[in-house]
There are 2 protein chains.
Amino acid sequence: MNHFTRKDIDEMEKIFRINLINSVSGIKPGNLIGTQTNEGNLNLAIFSSVLHLGSNPPYLGFICRPNEKVKRDTYDNILSTGYYTINHIQESFVENAHFTSAKFEPHVSEFERCSLTPEFKDEFPAPFVMESKIKLGLKFVEEIPIKINGTKMIIGEIVHLFVDKEIVDDKGNIRLDLVSNIGIAGLNSYYKISKIKEYPYARPHELPTFS
Amino acid sequence: MNHFTRKDIDEMEKIFRINLINSVSGIKPGNLIGTQTNEGNLNLAIFSSVLHLGSNPPYLGFICRPNEKVKRDTYDNILSTGYYTINHIQESFVENAHFTSAKFEPHVSEFERCSLTPEFKDEFPAPFVMESKIKLGLKFVEEIPIKINGTKMIIGEIVHLFVDKEIVDDKGNIRLDLVSNIGIAGLNSYYKISKIKEYPYARPHELPTFS
């Protein structure tokens, strides 16, 4: 096995380190976050840091990088309008989704440049991605600063959930593979997922015999 | 498409809601966190919330649920010793990993009950999982309370990284599928992952022609 100490990591070539350390948390969800400005300009950006925080009330978080040097449209729009959408990425539009990360000129909509279709539903004040088969409307709740490196966690509560009927089983589980959801490793590697197994709620006196 | 409003979600049967809302962030990484008490009792627990926070310095976070009602050994051990390991789960021991979530009696080691092998390396003061092919040693940095629901984010810095040599490419990317890493959906569904595509750094003037 390769052993990288902290010293090795600190002394790595920058791009190698970014790729390596972005890979070491494991597979990540691929989501597009849709927002708009108060003037109605649409924005769409890919994120691999969407995270479950709680079911009741239903809270999700995601990580925003520091915005001192680079303008962060998603962050600015969420704070000024209070609303955003989270749209799962499927294999059919993974390339489109990836290229939303390009730094386009202000007021250029990633929807248009990356051939994705904004969709407004139920008077929700942020654009969904029409192509996506699992999509959520969220209301901004709180921003938590992570002071050690200037990132922050944005927390929202789910107010709408749209999901293909046939992929929710009778226990509430969403079969992510049946709509070809993708996962992300590092910054730019995309993975297909396929269900292998489901295990029951674990109880100490009902352990299987491990092979 | 099914449309669940916030009212629908709030009124759902509890287990259905837990499964559904735990699925809606997308695929999640599967990791085992290894700790020990100051007395040397070993603990191992499965987490699906490990998250990249930064590469330089290399920070990872994960979410801990409230610990007023239930004892959280992982959390207590990290705060008292300052160290922990994060071990990627592979398909060969996914069942063992799942059952570490059973609420065993205090001082029962999940390593022993779930047939996983503790491994001590480089005098690091927390147990790694011998079976895992990607494993990290972390030093506790900070606890960030998420007051709206009593959860917290635990942040650590990577001090050791052990990874199979042949799965790190020349750009630093780890090929998670080559060691059969798994992903988690909801609370108890496990997914195989396989790489489909890698795209270059996105630049506005180098967009592909989208199909």
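Lys139(B) is found in strand β10 (residues 134-146) of chain B, where helices (H or I, at least four residues) and strands (E, at least two) are DSSP runs numbered from the N terminus. The model is predicted: local features need pLDDT of at least 70, side-chain atom pairs count only at pLDDT 80 or more, and totals for chains, interfaces and linings use all residues. Residues are numbered from 1 along each chain as its sequence is written, chains are lettered from A and ligands numbered from 1 in the order in which they are written, and side-chain values use heavy atoms, with hydrogens and water left out.

Lys139(B) is partly exposed, at a relative accessible area of 33%; buried means under 20%, exposed over 50%, and partly exposed in between (1.4 Å probe, protein chains only). Residues up to four places away in sequence aside, Lys139(B) touches Gly82(B), Tyr83(B), Tyr84(B), Ile155(B), Gly156(B), Glu157(B) and Val159(B), contact being heavy atoms within 4.5 Å. From Ala97(B), Lys139(B) is separated by 42 residues in sequence and by 23 Å in space, C-alpha to C-alpha.

Thr100(B), by contrast, is buried, with a relative accessible area of 3%. Thr100(B) lies in the loop between α4 (94-99) and α5 (110-113) of chain B. Beyond four places in sequence, the contacts of Thr100(B) are Leu32(B), Leu44(B), Ala45(B), Ile46(B), Glu110(B), Cys114(B) and Leu116(B).

The contact between the chains takes 110 residues from chain B and 110 residues from chain A. About 9900 Å² is buried between chain B and chain A, 62% of it given by carbon and sulfur atoms; this area is the accessible area (1.4 Å probe) that two parts lose on being put together, summed over both. Two salt bridges are found across the interface, a salt bridge being a side-chain nitrogen of Lys or Arg within 4 Å of a carboxyl oxygen of Asp or Glu. Glu157(B), a contact of Lys139(B), forms a salt bridge with Arg6(A), with the closest N and O atoms 2.5 Å apart.

Strand β11 (residues 151-163) of chain A and strand β1 (residues 2-5) of chain B run antiparallel and are joined by four bridges; strands pair if DSSP finds at least two bridges between them. Phe4(B) in β1(B) is the bridge partner of Leu161(A).

In chain A, the buried residues of helix α2 (residues 14-23) are Arg17(A), Asn19(A), Leu20(A), Ile21(A), Asn22(A) and Ser23(A).
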